[in-house]
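Subject: Structure for you to look at

Hello,

Please find the structure below, with its sequence. My notes on it follow.

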Amino acid sequence: MSRTLAEVRELKEGRYMIIDEEPCKILSITTSKPGKHGEAKARIDAVGLFDGKTRSVVHPVKHKIGVPLIDKRQAQVLAIHGDVVQLMDMTTYENFELPLDPEIRDTLQEGQEVMYVVALEKRKIMRL
């Protein structure tokens with residue numbers, strides 16, 4: 001199980017939530033007062049963890065929303081082939097390939113250890 005449920009009122013800035021089946025990091029949360037016949041609503045601005053798109057949603061504060069389970073792991077760079085980097089997980093010794101981000105292309109070297117995240121069966125290199 002790669003996700004849990006939480007009420008919108010329990011979410012905080014800097015944590016993660018799922019919007020459009022994409023894990024997103026919460027940038028800001030603003031809540032409005034309840035109306036005469038309505039309930040309080042929260043506007044959440046977030047950025048996608050894997051695609052970098054900014055998303056906004058509005059939900060009642062009692063609404064249940066998906067929260068991804070983020071797993072941070074260490075890996076070693078085995079090889080770099082064009083736009084693909086081959087990695088080996090340091091705990092399970094599993095080999096896998098990820099697309100190479102243009103921002104880290106120049107600083108990445110073979111044999112180097114990197115941190116990557118796994119969320120909703122997707123992976124991405126986060127830190128060198």
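Among the contacts in the protein with a separation of 6 or more, 47% are between residues 24 or more positions apart; contact here means heavy atoms within 4.5 Å. This is a predicted model, in which local features need pLDDT of at least 70 and side-chain atom pairs count only at pLDDT 80 or more, while totals for chains, interfaces and linings use all residues. Residues are numbered from 1 along each chain as its sequence is written, and side-chain values use heavy atoms, with hydrogens and water left out.

Overall form

The protein has eleven strands and zero helices. Both are DSSP runs numbered from the N terminus, helices being H or I with at least four residues and strands E with at least two. The radius of gyration is 18 Å, whereas a compact globule of 128 residues would have one near 14 Å; the value is taken over C-alpha atoms, and the globule rule is 2.2 Å times the number of residues to the power 0.38. Along the principal axes, the C-alpha atoms fill a box of roughly 60 × 30 × 20 Å.

The accessible surface comes to about 8000 Å², and 49% of it belongs to carbon and sulfur atoms. Areas come from the Shrake-Rupley method with a 1.4 Å probe, and for residues only the protein chains shown count as cover. Of the 128 residues, 37% count as buried, where buried means under 20% relative accessible area, exposed over 50%, and partly exposed in between (1.4 Å probe, protein chains only).

Nonpolar cores

A nonpolar core is a set of buried Ala, Val, Leu, Ile, Met, Phe, Trp, Tyr and Cys residues joined through side-chain atoms within 4.5 Å. The largest one has 15 residues, of which Leu11, Met17, Ile19 and Ile44 touch the most other members. Strands S2, S3, S4 (41-48) and S6 (64-68) each supply at least two residues of this core, and the largest share, three residues, comes from S4. Another core, of 13 residues, lies apart from it and includes Leu100, Tyr116, Val118 and Ile125.

Leaving aside neighbours within four places in sequence, Met17 is in contact with residues including Leu11, Ile26, Ile44, Val57, Ile65 and Val67.

Salt bridges

With a salt bridge taken as a side-chain nitrogen of Lys or Arg within 4 Å of a carboxyl oxygen of Asp or Glu, the count comes to nine. Three of these pairs are described here.

Arg55 pairs with Asp20, the closest N and O atoms being 4.0 Å apart. This pair links distant parts of the chain, 35 residues apart: Arg55 is in strand S5 (residues 54-60), and Asp20 is in the loop between strand S2 (16-19) and strand S3 (22-31). Arg55 is buried at 14% relative accessibility, whereas Asp20 is exposed at 67%.

Asp83 forms a salt bridge with Arg105, with the closest N and O atoms 2.7 Å apart. Here too distant parts of the chain are linked, 22 residues apart: Asp83 is in the loop between strand S7 (71-81) and strand S8 (84-89), and Arg105 is in the loop between strand S9 (95-99) and strand S10 (113-119). Arg105 is partly exposed, at 34% relative accessible area. Salt bridges that share partners also join Asp20, Asp51 and Arg55 into one network.

Asp71 and Arg73 form a salt bridge with their closest N and O atoms 2.6 Å apart. Asp71 is partly exposed at 31%, and Arg73 is partly exposed at 27%.

Regards
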